Amino acid sequence: MKLNRQLILLFVILVSPVFLLNWYANNQTEHILKRHVTNAYMELNKQNHLLINRDIDTVNRVMTNIIINPVVQQLQSGAGQVYDEANQYDRVKLYETADRLIPTFSIGISGGEAVGYYLYVYDPLDRYDFAPLNASRFRNGGVYFYTDRTKPSWADEAISRKGRGFLKIVNGIGGGRTETLAYIRAVNSTISGKMIVGVLVASNMDKKIEQSLQSVSLPDNGEMFLTDYDNTILASTLDGSMGRKLDLPPSMVHGTKGEETTDAIYGDSIYVQHADYEIQQKLVYRISAASLLRQQSELKRAIQWISMAYSLFGIVVMAYFWRSLLSPLQKLAGFVRGYEPGRKVPSSEAVDRNDEVGVLIHAIYSMARRLNSLIEDRYMMDIKQKETQLQVLYQQINPHLLYNTLESIYWKSSLEGNSDSAEMIKELSKLMRISLSRGRELITLEEELEHATAYTRLQQKRYEYEFQVRWETEEEALTNPIPKITLQPLIENAIFHGVRNMGEDGLIVIRAFRRDGRVVVEVEDNGYKPVDHEALNRSIREPRTDDRQGYGIHNVHERIRLHFGSDYGIHYSMPPGGGTLVSIELPIRPAEEAPAPAEAG
């Protein structure tokens with residue numbers, strides 16, 4: 001497809017979804033918004049109900065602490081107990097102690113209110129008739145006694161629940177508010193579970209629950225209600241609603257077993273409800289639907305403005321690209337499509353302009369010319385030069401015949417009892433075997449050290465052990481690859497130019513180790529002759545003008561650079577004790593990349 005058609009198609013593709021979105025939003029925004037917002041409030045409602053139940057559970061745990069208190073358990077009264085005037089004083093002290101203890105468990109609430117705990121002790125024989133029945137000073141907690149005649153209306157219900165607490169709207173607790181939401185729980189005897197000490201009541205639970213409800217913010221002052229399963233309001237954010245019936249949508253009036261979160265639109269409001277069948281409670285949110293519709297209208301207008309602005313922007317961008325970029329890019333594409341490396345490039349570009357497009361066209365034409373020049377001249381010459389260097393540096397005599405002949409001489413010398421000659425022939429055979437290496441140019445450092453060992457043994461036998469050789473190698477460096485016959489020229493120089501005439505004082509040390517991310521191989525001698533190490537370093541790095549050294553140190557240095565790069569090679573220096581130290585630096589290669597061990601060819 002042509003670029004101009006692609007540009008038109010791109011504009012249609014980019015703009016069409018915006019208009020489709022505008023149409024879809026006008027038809028579906030209200031439903032989607034209500035659904036998504038309702039889902040969010042359903043989850044919020046569920047978490048809010050969980051927090052309320054945690055507050056109730058906190059009160060329940062406080063009640064447990066009160067119930068198991070020994071002072072409370074001693075207030076137990078009933079049939080089978082003997083009372084006389086002598087223990088009257090003890091009952092008074094016990095009552096006084098309990099009456100002071102219970103208010104200490106009160107929990108403060110914002111607004112100066114508090115959750116007060118009231119212990120109603122069952123006293124069928126009326127042995128605590130001296131205790132007051134009602135007084136305003138007890139509104140934050142205290143102890144009361146009741147008989148079968150003065151029993152509160154909710155006492156039997158609490159006893160029937162067998163220690164399980166419940167919420168209930170009651171009147172006149174502790175002489176405080178006329179009506180309050182209380183959490184009521186029976187107090188059983190810890191000595192005999194069948195006996196009842198009394199009933200424990202926590203007042204002002206509606207204020208505590210309202211405090212939890214006020215931590216949630218609903219739009220346009222939405223209302224929250226905690227009800228029982230008869231839809232009686234236990235607590236809410238609406239003043240004066242406690243005890244009233246809440247008008248709910250028919251689908252939300254009855255709950256099911258377990259927990260259930262539902263929503264419904266009823267009248268002008270959206271209802272969200274979380275019902276818990278086990279505790280017979282519902283938490284209901286009532287949100288005005290008009291507030292959500294206002295948000296929906298604002299969203300529609302925002303989408304319309306975005307659609308118009310996006311379409312106008314698309315037209316401007318389309319016009320710019322069409323006029324400024326399309327034509328020159330088409331011409332440039334034609335040139336690139338027809339260009340082949342080596343093909344002649346026109347002397348002048350088809351488009352003459354100074355902006356970024358012109359710079360791009362000029363750069364591509366120039367790059368094509370430079371590429372042709374590199375292909376025709378420099379690149380091919382470099383490749384040929386490298387190939388020639390490798391052929392010259394790696395050209396060696398194939399010693400197969402000589403190696404086999406040496407093996408035959410070695411066995412004949414051994415059979416004739418000439419052990420020294422046989423050992424020298426054996427070492428020379430090792431030199432030839434590693435030199436072959438099945439045609440490989442890189443061998444492991446371990447093989448190269450074996451080759452160097454054979455060479456040094458030959459020279460030691462030749463000079464009747466007039467110098468010493470010490471080997472210091474690290475195991476982890478032995479698998480690293482190295483060009484073959486690298487160490488032999490260095491050891492040869494150390495012998496002939498260093499320690500040959502020093503007798504037993506002459507010492508050559510060969511080391512191999514890892515340092516700073518590289519493998520370093522060193523050949524050090526303690527020769528006494530002065531050496532110009534800088535001149536040696538220059539000689540191995542400058543181009544050679546003659547072949548008098550043969551495959552010498554310059555050859556070794558160049559082979560290392562050709563294999564591993566210009567960052568590696570040979571360097572001469574003077575060690576602290578005098579003499580000459582030549583160091584070879586190689587890159588670290590993983591063991592699996594090292595070449596296979598050399599075998600006889």
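Predicted model: local features only at pLDDT ≥ 70, side-chain atom pairs only at ≥ 80, totals over all residues.
View 1. Strands (E, at least two residues) and helices (H or I, at least four) are DSSP runs numbered from the N terminus. Strand 16, residues 506-515, runs antiparallel to strand 17 and is joined to it by eight bridges; strands pair if DSSP finds at least two bridges between them. The two form a hairpin with two residues between them, and Asp516 in the turn has a positive phi of about 55 degrees. Eight bridges also join strand 17 to strand 19 (residues 580-587), again antiparallel, and Val521 stands opposite Ile584 of strand 19.

**View 2. Salt bridges around Arg511.** A salt bridge is a side-chain nitrogen of Lys or Arg within 4 Å of a carboxyl oxygen of Asp or Glu. Arg511 has Glu522 in strand 17 as its bridge partner, and these residues also form a salt bridge, with the closest N and O atoms 3.2 Å apart. Arg511 meets Glu472 in a salt bridge as well, at 3.1 Å from N to O. That pair links strand 16 to strand 14 (residues 467-473), 39 residues apart. Arg511 is buried at 18% relative accessibility and Glu522 at 8%, whereas Glu472 is partly exposed at 31%. A network of salt bridges links Arg470, Glu472, Arg511, Glu522 and Glu524.

View 3. Six bridges join strand 5 to the antiparallel strand 6 (residues 179-188), where Leu181 is the bridge partner of Ile169.

**View 4. Glu157 and Lys168.** The closest N and O atoms of this salt bridge are 3.6 Å apart. Glu157 lies in helix 4 (residues 155-160) and Lys168 in strand 5, 11 residues apart. Glu157 is partly exposed at 29% relative accessibility, and Lys168 is partly exposed at 29%.

**Notes.** Residues are numbered from 1 along each chain as its sequence is written. Local features need pLDDT of at least 70, side-chain atom pairs count only at pLDDT 80 or more, totals for chains, interfaces and linings use all residues, and side-chain values use heavy atoms, leaving out hydrogens and water.

Note on methods
Buried < 20%, exposed > 50% of the residue type's maximum accessible area, 1.4 Å probe, protein only.
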